[in-house]
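Reader: I would like to go through the terms used for this model. Please set each value against its definition.

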Amino acid sequence: MTIIEFFDKTAIENMLSALLCKPDRVVYIGHNRKQIEKCLEAYREVLTTRGLKVELRAKSLNRNNLQRIVQDLSEIVEQDENCVFNLDGGEELYLVAVGMVAQMYPGRVALHRFNIRNNTIIDCDADGNDQLREPIRISVPENIRIYGGRVLTVDEHKDGMYPWDFNETFRRDLMTLWEICCRYPRTWNSTVSTLGCVDQWFPHEDPRGFHAVRSVAEPVLAAHDEWYSINLAILKALEDAKLISWLTASDEEAEFIFKNQQVKRALSKAGQVLELMVTMAALDAMEEDGTPVYDDVRCGVYIDWDGLTGPEAPVEVANEIDVFLMKGAVPVFISCKNGTVTRDELFMLDTVARRFGDKYAKKVLVATQLDKQGSKGRYIRARAEEMDIRIIDNLDDMTYDQMKKEMKCLWLNSK
(Lines give C-alpha, C1' and ligand atoms only; values in the text may rest on other atoms or scores of the structure.)
Protein backbone atom coordinates (compact mmCIF):
# COMPACT_ATOMS: atom_id res chain seq x y z
CA MET A 1 0.00 0.00 0.00
CA THR A 2 1.18 3.50 -0.89
CA ILE A 3 -0.04 6.46 1.12
CA ILE A 4 0.21 9.95 -0.33
CA GLU A 5 0.62 12.62 2.34
CA PHE A 6 0.37 16.34 1.73
CA PHE A 7 3.14 17.79 3.86
CA ASP A 8 1.82 19.98 6.66
CA LYS A 9 3.45 22.23 9.27
CA THR A 10 1.59 20.30 11.98
CA ALA A 11 4.09 17.46 12.04
CA ILE A 12 1.95 14.82 13.72
CA GLU A 13 -0.46 14.90 10.76
CA ASN A 14 2.43 13.83 8.52
CA MET A 15 3.22 10.74 10.57
CA LEU A 16 0.04 8.99 11.66
CA SER A 17 -0.50 7.06 8.42
CA ALA A 18 3.07 5.79 8.40
CA LEU A 19 2.92 4.77 12.05
CA LEU A 20 -0.54 3.27 12.24
CA CYS A 21 -1.59 1.97 8.81
CA LYS A 22 1.39 -0.28 8.04
CA PRO A 23 1.95 0.95 4.46
CA ASP A 24 4.82 -0.16 2.25
CA ARG A 25 5.69 3.43 1.44
CA VAL A 26 4.58 7.00 2.08
CA VAL A 27 5.08 9.73 -0.50
CA TYR A 28 5.15 13.25 0.92
CA ILE A 29 3.92 15.95 -1.42
CA GLY A 30 4.82 19.63 -1.11
CA HIS A 31 6.45 22.53 -2.90
CA ASN A 32 9.71 22.50 -0.86
CA ARG A 33 11.41 19.14 -1.19
CA LYS A 34 14.45 20.20 0.83
CA GLN A 35 12.27 21.06 3.82
CA ILE A 36 10.43 17.73 3.55
CA GLU A 37 13.64 15.69 3.33
CA LYS A 38 14.96 17.35 6.49
CA CYS A 39 11.86 16.27 8.42
CA LEU A 40 11.94 12.73 7.01
CA GLU A 41 15.17 12.05 8.93
CA ALA A 42 13.28 12.34 12.22
CA TYR A 43 10.27 10.41 10.86
CA ARG A 44 12.50 7.49 9.80
CA GLU A 45 14.06 7.43 13.27
CA VAL A 46 10.65 7.13 14.95
CA LEU A 47 9.59 4.35 12.56
CA THR A 48 12.83 2.45 13.15
CA THR A 49 12.36 2.69 16.91
CA ARG A 50 8.98 0.99 16.50
CA GLY A 51 10.48 -1.67 14.25
CA LEU A 52 8.50 -0.51 11.21
CA LYS A 53 9.94 -0.77 7.70
CA VAL A 54 8.28 1.97 5.69
CA GLU A 55 9.85 3.64 2.69
CA LEU A 56 9.53 7.43 2.91
CA ARG A 57 9.82 9.56 -0.21
CA ALA A 58 9.62 13.31 -0.82
CA LYS A 59 8.20 14.75 -4.02
CA SER A 60 8.00 18.40 -4.97
CA LEU A 61 4.96 19.55 -6.97
CA ASN A 62 4.08 22.88 -8.51
CA ARG A 63 1.35 24.26 -6.26
CA ASN A 64 -0.08 26.63 -8.87
CA ASN A 65 -0.62 24.34 -11.90
CA LEU A 66 -3.67 22.10 -11.41
CA GLN A 67 -3.15 20.01 -14.54
CA ARG A 68 0.47 19.33 -13.66
CA ILE A 69 -0.50 18.33 -10.12
CA VAL A 70 -3.10 15.89 -11.48
CA GLN A 71 -0.50 14.45 -13.86
CA ASP A 72 2.11 13.97 -11.13
CA LEU A 73 -0.36 12.40 -8.70
CA SER A 74 -1.60 10.07 -11.44
CA GLU A 75 1.96 8.85 -12.01
CA ILE A 76 2.19 7.88 -8.33
CA VAL A 77 -1.17 6.09 -8.40
CA GLU A 78 -0.23 4.09 -11.49
CA GLN A 79 2.78 2.62 -9.64
CA ASP A 80 0.63 0.88 -6.99
CA GLU A 81 -2.84 -0.62 -7.29
CA ASN A 82 -3.56 0.23 -3.64
CA CYS A 83 -3.13 3.94 -3.01
CA VAL A 84 -4.52 6.02 -0.17
CA PHE A 85 -4.59 9.80 -0.03
CA ASN A 86 -4.47 11.28 3.46
CA LEU A 87 -6.45 14.51 3.30
CA ASP A 88 -5.02 16.06 6.47
CA GLY A 89 -3.10 19.16 5.44
CA GLY A 90 -2.41 20.10 1.86
CA GLU A 91 -3.00 23.24 -0.15
CA GLU A 92 -6.26 23.91 -1.94
CA LEU A 93 -5.18 22.93 -5.45
CA TYR A 94 -3.61 19.71 -4.17
CA LEU A 95 -6.93 18.65 -2.65
CA VAL A 96 -8.85 19.62 -5.80
CA ALA A 97 -6.43 17.47 -7.78
CA VAL A 98 -7.04 14.50 -5.43
CA GLY A 99 -10.75 14.62 -6.24
CA MET A 100 -10.00 14.57 -9.96
CA VAL A 101 -7.52 11.69 -9.61
CA ALA A 102 -9.99 9.68 -7.53
CA GLN A 103 -12.53 9.97 -10.34
CA MET A 104 -9.94 8.91 -12.90
CA TYR A 105 -9.04 5.74 -10.96
CA PRO A 106 -12.29 4.38 -9.42
CA GLY A 107 -11.76 1.49 -7.05
CA ARG A 108 -8.02 2.05 -6.98
CA VAL A 109 -7.78 5.14 -4.79
CA ALA A 110 -8.95 5.48 -1.19
CA LEU A 111 -9.27 8.66 0.82
CA HIS A 112 -8.98 9.11 4.57
CA ARG A 113 -8.14 11.58 7.29
CA PHE A 114 -7.56 11.36 11.03
CA ASN A 115 -9.62 12.96 13.75
CA ILE A 116 -6.85 13.48 16.27
CA ARG A 117 -9.13 15.00 18.86
CA ASN A 118 -11.17 11.82 19.25
CA ASN A 119 -8.58 9.26 18.08
CA THR A 120 -10.41 7.97 15.01
CA ILE A 121 -9.82 7.63 11.29
CA ILE A 122 -12.42 9.01 8.87
CA ASP A 123 -13.22 7.06 5.71
CA CYS A 124 -13.62 9.98 3.28
CA ASP A 125 -14.60 7.90 0.23
CA ALA A 126 -17.24 5.85 2.09
CA ASP A 127 -15.95 2.57 0.66
CA GLY A 128 -16.06 0.91 4.07
CA ASN A 129 -12.33 0.25 4.18
CA ASP A 130 -10.51 1.35 7.33
CA GLN A 131 -6.73 1.52 6.86
CA LEU A 132 -6.04 1.87 10.58
CA ARG A 133 -4.04 -1.16 11.78
CA GLU A 134 -2.84 0.17 15.15
CA PRO A 135 -4.57 2.29 17.81
CA ILE A 136 -3.57 5.95 17.84
CA ARG A 137 -0.99 5.93 20.62
CA ILE A 138 2.01 8.24 20.46
CA SER A 139 4.63 8.36 23.22
CA VAL A 140 6.13 11.57 24.60
CA PRO A 141 9.58 10.97 23.03
CA GLU A 142 7.94 10.07 19.69
CA ASN A 143 5.86 13.24 19.70
CA ILE A 144 8.88 15.44 20.41
CA ARG A 145 10.98 13.69 17.75
CA ILE A 146 8.21 13.98 15.14
CA TYR A 147 8.25 17.75 15.70
CA GLY A 148 12.01 17.82 15.20
CA GLY A 149 13.22 17.84 18.79
CA ARG A 150 14.54 15.16 21.08
CA VAL A 151 13.94 14.15 24.69
CA LEU A 152 17.22 13.86 26.58
CA THR A 153 17.56 11.54 29.57
CA VAL A 154 19.59 12.11 32.70
CA ASP A 155 22.28 9.88 31.17
CA GLU A 156 22.56 12.31 28.24
CA HIS A 157 22.30 15.62 30.08
CA LYS A 158 22.60 16.62 33.74
CA ASP A 159 19.08 18.12 33.61
CA GLY A 160 17.67 15.29 31.52
CA MET A 161 14.56 13.22 32.23
CA TYR A 162 14.88 10.91 35.23
CA PRO A 163 13.29 7.41 35.12
CA TRP A 164 10.99 7.71 38.14
CA ASP A 165 9.71 4.38 39.45
CA PHE A 166 6.20 4.78 40.88
CA ASN A 167 6.27 1.55 42.83
CA GLU A 168 4.01 1.08 45.83
CA THR A 169 6.66 2.11 48.35
CA PHE A 170 7.46 5.32 46.51
CA ARG A 171 3.78 6.11 46.07
CA ARG A 172 3.31 5.96 49.85
CA ASP A 173 6.42 8.05 50.39
CA LEU A 174 5.24 10.61 47.85
CA MET A 175 1.84 10.96 49.52
CA THR A 176 3.63 11.62 52.81
CA LEU A 177 5.97 14.15 51.20
CA TRP A 178 2.96 15.95 49.71
CA GLU A 179 1.24 16.06 53.10
CA ILE A 180 4.33 17.62 54.70
CA CYS A 181 4.70 20.03 51.77
CA CYS A 182 1.10 21.22 52.25
CA ARG A 183 1.64 21.48 56.04
CA TYR A 184 4.54 23.91 55.58
CA PRO A 185 3.61 25.91 52.45
CA ARG A 186 5.68 29.00 53.34
CA THR A 187 9.01 27.32 54.07
CA TRP A 188 8.89 24.12 52.03
CA ASN A 189 10.34 25.63 48.84
CA SER A 190 13.24 27.39 50.53
CA THR A 191 14.10 24.33 52.61
CA VAL A 192 14.05 21.88 49.70
CA SER A 193 15.95 24.34 47.48
CA THR A 194 18.65 24.57 50.15
CA LEU A 195 18.85 20.77 50.40
CA GLY A 196 19.35 20.53 46.64
CA CYS A 197 21.96 23.29 46.48
CA VAL A 198 23.99 21.92 49.39
CA ASP A 199 23.94 18.45 47.85
CA GLN A 200 25.12 19.90 44.53
CA TRP A 201 28.02 21.95 45.88
CA PHE A 202 28.88 19.91 48.98
CA PRO A 203 28.21 16.29 48.00
CA HIS A 204 28.29 13.76 50.84
CA GLU A 205 30.56 10.71 50.66
CA ASP A 206 27.46 8.56 51.17
CA PRO A 207 25.19 8.84 48.07
CA ARG A 208 22.18 9.04 50.41
CA GLY A 209 23.88 11.32 52.91
CA PHE A 210 23.45 15.04 53.59
CA HIS A 211 25.61 17.39 55.67
CA ALA A 212 25.35 21.17 55.78
CA VAL A 213 27.37 23.63 57.83
CA ARG A 214 25.67 26.98 57.55
CA SER A 215 28.80 29.14 57.89
CA VAL A 216 30.45 27.20 55.06
CA ALA A 217 27.45 26.76 52.75
CA GLU A 218 25.85 30.21 53.08
CA PRO A 219 28.47 32.23 51.15
CA VAL A 220 28.63 29.63 48.36
CA LEU A 221 24.87 29.63 47.93
CA ALA A 222 24.82 33.45 47.98
CA ALA A 223 27.40 33.53 45.18
CA HIS A 224 24.90 31.54 43.09
CA ASP A 225 21.95 33.82 44.00
CA GLU A 226 20.58 31.26 46.44
CA TRP A 227 20.14 31.52 50.19
CA TYR A 228 20.52 29.11 53.07
CA SER A 229 17.18 28.37 54.72
CA ILE A 230 16.30 25.10 56.44
CA ASN A 231 13.13 24.73 58.50
CA LEU A 232 14.02 22.30 61.29
CA ALA A 233 10.34 21.39 61.76
CA ILE A 234 10.27 20.06 58.18
CA LEU A 235 13.34 17.91 58.85
CA LYS A 236 11.72 16.57 62.02
CA ALA A 237 8.52 15.76 60.09
CA LEU A 238 10.57 13.92 57.46
CA GLU A 239 12.34 11.97 60.20
CA ASP A 240 9.06 11.05 61.89
CA ALA A 241 7.82 9.73 58.55
CA LYS A 242 11.05 7.71 58.16
CA LEU A 243 11.89 9.55 54.93
CA ILE A 244 15.20 10.58 56.50
CA SER A 245 17.09 9.01 59.39
CA TRP A 246 20.00 9.67 61.76
CA LEU A 247 18.96 13.33 61.96
CA THR A 248 21.03 15.81 63.93
CA ALA A 249 20.05 19.39 63.22
CA SER A 250 20.36 22.93 64.53
CA ASP A 251 20.26 26.40 63.02
CA GLU A 252 23.98 26.08 62.27
CA GLU A 253 24.33 22.48 61.08
CA ALA A 254 22.25 19.62 59.73
CA GLU A 255 23.10 16.01 58.93
CA PHE A 256 20.97 13.00 58.02
CA ILE A 257 20.49 10.09 55.60
CA PHE A 258 17.77 10.03 52.91
CA LYS A 259 15.60 6.91 52.80
CA ASN A 260 16.58 6.18 49.18
CA GLN A 261 17.66 7.87 45.97
CA GLN A 262 14.12 8.66 44.78
CA VAL A 263 13.22 10.36 48.05
CA LYS A 264 16.48 12.28 47.87
CA ARG A 265 15.73 13.41 44.32
CA ALA A 266 12.19 14.39 45.29
CA LEU A 267 13.74 16.64 47.96
CA SER A 268 16.30 18.24 45.64
CA LYS A 269 14.11 20.82 43.83
CA ALA A 270 11.48 23.14 45.26
CA GLY A 271 8.59 22.09 43.02
CA GLN A 272 9.54 18.45 42.53
CA VAL A 273 6.97 16.94 44.91
CA LEU A 274 4.17 18.91 43.23
CA GLU A 275 5.31 17.68 39.81
CA LEU A 276 5.43 14.10 41.06
CA MET A 277 1.93 14.32 42.56
CA VAL A 278 0.54 15.61 39.27
CA THR A 279 2.38 12.82 37.44
CA MET A 280 1.07 10.10 39.75
CA ALA A 281 -2.50 11.41 39.55
CA ALA A 282 -2.29 11.40 35.74
CA LEU A 283 -0.92 7.85 35.77
CA ASP A 284 -3.83 6.76 37.96
CA ALA A 285 -6.55 8.58 35.99
CA MET A 286 -8.81 5.87 34.52
CA GLU A 287 -11.54 5.63 31.92
CA GLU A 288 -14.91 4.15 32.86
CA ASP A 289 -13.75 0.73 31.62
CA GLY A 290 -10.71 0.80 33.92
CA THR A 291 -8.10 1.54 31.25
CA PRO A 292 -5.65 4.43 31.74
CA VAL A 293 -6.75 7.76 30.28
CA TYR A 294 -3.26 8.61 29.05
CA ASP A 295 -1.06 6.55 26.76
CA ASP A 296 2.12 8.08 28.15
CA VAL A 297 2.91 10.13 31.25
CA ARG A 298 6.36 11.61 31.91
CA CYS A 299 7.82 13.90 34.57
CA GLY A 300 10.62 16.41 33.99
CA VAL A 301 10.82 16.13 30.19
CA TYR A 302 13.97 17.87 28.97
CA ILE A 303 13.53 18.87 25.32
CA ASP A 304 16.41 19.62 22.97
CA TRP A 305 14.70 21.75 20.33
CA ASP A 306 16.70 20.83 17.22
CA GLY A 307 17.30 17.19 18.11
CA LEU A 308 21.00 17.47 17.30
CA THR A 309 23.52 16.13 19.79
CA GLY A 310 27.28 15.68 19.90
CA PRO A 311 30.30 18.00 19.92
CA GLU A 312 29.50 19.48 16.50
CA ALA A 313 25.86 20.30 17.34
CA PRO A 314 24.91 24.00 17.35
CA VAL A 315 24.30 25.95 20.56
CA GLU A 316 21.55 24.13 22.39
CA VAL A 317 18.06 25.56 22.73
CA ALA A 318 16.25 23.54 25.38
CA ASN A 319 13.30 23.62 27.78
CA GLU A 320 11.97 21.38 30.51
CA ILE A 321 8.29 20.53 30.73
CA ASP A 322 7.36 19.61 34.30
CA VAL A 323 4.75 17.01 33.32
CA PHE A 324 3.97 15.83 29.79
CA LEU A 325 0.97 13.65 28.91
CA MET A 326 -0.07 11.99 25.65
CA LYS A 327 -3.66 11.00 24.87
CA GLY A 328 -3.51 9.36 21.46
CA ALA A 329 -1.78 12.06 19.42
CA VAL A 330 -2.91 14.94 21.67
CA PRO A 331 -0.06 16.32 23.83
CA VAL A 332 -0.72 17.94 27.21
CA PHE A 333 1.98 20.31 28.49
CA ILE A 334 1.83 20.99 32.25
CA SER A 335 3.79 23.60 34.17
CA CYS A 336 3.80 23.17 37.96
CA LYS A 337 4.53 26.12 40.26
CA ASN A 338 4.61 25.65 44.02
CA GLY A 339 5.46 29.33 44.51
CA THR A 340 5.31 32.61 42.63
CA VAL A 341 4.10 32.48 39.01
CA THR A 342 5.47 35.03 36.53
CA ARG A 343 4.27 36.08 33.12
CA ASP A 344 7.40 34.52 31.63
CA GLU A 345 6.21 31.11 32.82
CA LEU A 346 3.06 31.46 30.72
CA PHE A 347 5.00 32.52 27.63
CA MET A 348 7.48 29.66 28.00
CA LEU A 349 4.67 27.12 28.35
CA ASP A 350 2.82 28.56 25.35
CA THR A 351 5.95 28.68 23.18
CA VAL A 352 7.01 25.09 23.87
CA ALA A 353 3.47 23.77 23.45
CA ARG A 354 3.04 25.48 20.09
CA ARG A 355 6.42 24.23 18.89
CA PHE A 356 5.86 20.59 19.86
CA GLY A 357 2.09 20.27 19.65
CA ASP A 358 0.92 23.02 17.32
CA LYS A 359 -2.88 23.24 17.09
CA TYR A 360 -3.45 20.05 19.08
CA ALA A 361 -1.47 21.11 22.17
CA LYS A 362 -3.23 21.46 25.51
CA LYS A 363 -1.61 23.79 28.05
CA VAL A 364 -2.05 23.59 31.82
CA LEU A 365 -0.67 25.60 34.73
CA VAL A 366 -0.83 23.95 38.16
CA ALA A 367 -0.23 26.66 40.79
CA THR A 368 -0.66 26.44 44.57
CA GLN A 369 0.04 30.05 45.56
CA LEU A 370 -1.71 32.09 42.86
CA ASP A 371 -4.33 33.69 45.11
CA LYS A 372 -1.59 34.87 47.46
CA GLN A 373 -0.06 36.96 44.65
CA GLY A 374 -2.89 39.49 44.82
CA SER A 375 -3.19 41.69 41.73
CA LYS A 376 -0.30 39.85 40.06
CA GLY A 377 -2.20 36.61 40.48
CA ARG A 378 -5.30 38.14 38.91
CA TYR A 379 -3.19 39.31 35.98
CA ILE A 380 -1.78 35.78 35.53
CA ARG A 381 -5.33 34.39 35.44
CA ALA A 382 -6.44 36.90 32.82
CA ARG A 383 -3.36 36.35 30.68
CA ALA A 384 -3.71 32.56 30.91
CA GLU A 385 -7.31 32.88 29.75
CA GLU A 386 -6.18 34.81 26.68
CA MET A 387 -3.52 32.19 25.90
CA ASP A 388 -5.94 29.24 26.34
CA ILE A 389 -4.00 27.92 29.34
CA ARG A 390 -6.09 25.99 31.85
CA ILE A 391 -5.30 26.83 35.49
CA ILE A 392 -5.56 24.33 38.34
CA ASP A 393 -4.99 26.36 41.49
CA ASN A 394 -6.33 24.32 44.39
CA LEU A 395 -4.54 20.99 44.11
CA ASP A 396 -3.34 21.27 47.72
CA ASP A 397 -6.98 21.32 48.87
CA MET A 398 -8.02 18.26 46.83
CA THR A 399 -8.27 14.63 47.84
CA TYR A 400 -6.30 12.23 45.69
CA ASP A 401 -9.48 11.06 43.95
CA GLN A 402 -10.28 14.68 43.10
CA MET A 403 -6.77 15.10 41.67
CA LYS A 404 -7.25 12.08 39.41
CA LYS A 405 -10.59 13.43 38.23
CA GLU A 406 -8.97 16.78 37.44
CA MET A 407 -6.17 15.12 35.45
CA LYS A 408 -8.61 12.95 33.52
CA CYS A 409 -10.03 15.81 31.46
CA LEU A 410 -6.88 17.81 30.68
CA TRP A 411 -6.63 16.50 27.12
CA LEU A 412 -10.05 17.91 26.33
CA ASN A 413 -10.68 21.59 25.60
CA SER A 414 -8.53 23.77 27.85
CA LYS A 415 -11.40 25.96 29.02
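Reader: How many cavities of 30 Å³ or more does the count come to?

Author: One cavity of 30 Å³ or more. This is a predicted model, where local features need pLDDT of at least 70, side-chain atom pairs count only at pLDDT 80 or more, and totals for chains, interfaces and linings use all residues. Residues are numbered from 1 along each chain as its sequence is written, and side-chain values use heavy atoms, without hydrogens and water.

Reader: What makes a space a cavity and not a pocket?

Author: On a 1 Å grid over the protein atoms alone, a cavity is a set of points where a 1.4 Å probe fits but cannot get out; a pocket is an open set with protein on both sides within 12 Å along at least five of seven lines. The largest cavity holds about 40 Å³.

Reader: Which residues line the largest cavity?

Author: Leu 195, Gly 196, Asp 199, Phe 258, Lys 264, Leu 267 and Ser 268. Lining residues have an atom within 4 Å of a point. Helix α7 (residues 188-201) gives the largest share, three residues.

Reader: What is the volume of the largest pocket?

Author: About 1100 Å³. A volume is the space filled by probe spheres set on the grid points, which are joined across faces, edges and corners. Its lining has 36 residues; Ser 268, Lys 269, Ala 270, Gln 272 and Glu 320 lie nearest the centre. Here α7 gives the most, with six residues.

Reader: Why is α11 called roughly perpendicular to α14?

Author: Helix α11 (residues 272-284) and helix α14 (residues 400-408) pack at about 75°, with axes 8 Å apart. Angles of 65 to 115 degrees count as roughly perpendicular, under 35 as roughly parallel, over 145 as roughly antiparallel, and the rest as oblique. So α11 is roughly perpendicular to α14. Axes are lines fitted to C-alpha atoms, for helices over the stretch in contact, and angles run from 0 to 180 degrees between N-to-C directions.

Reader: Which residues of α11 and α14 make the contact?

Author: Contact means heavy atoms within 4.5 Å. On α11, Met 277, Val 278, Met 280, Ala 281, Ala 282 and Asp 284 take part; on α14, Tyr 400, Met 403, Lys 404 and Met 407.

Reader: In what sense do β12 and β13 pair, and over how many bridges?

Author: Strand β12 (residues 318-327) and strand β13 (residues 330-337) pair in the antiparallel sense over five bridges. Two strands pair if DSSP finds at least two bridges between them, so five bridges meet the rule. Phe 324 stands opposite Phe 333 in β13. Helices (H or I, at least four residues) and strands (E, at least two) are DSSP runs, numbered from the N terminus.
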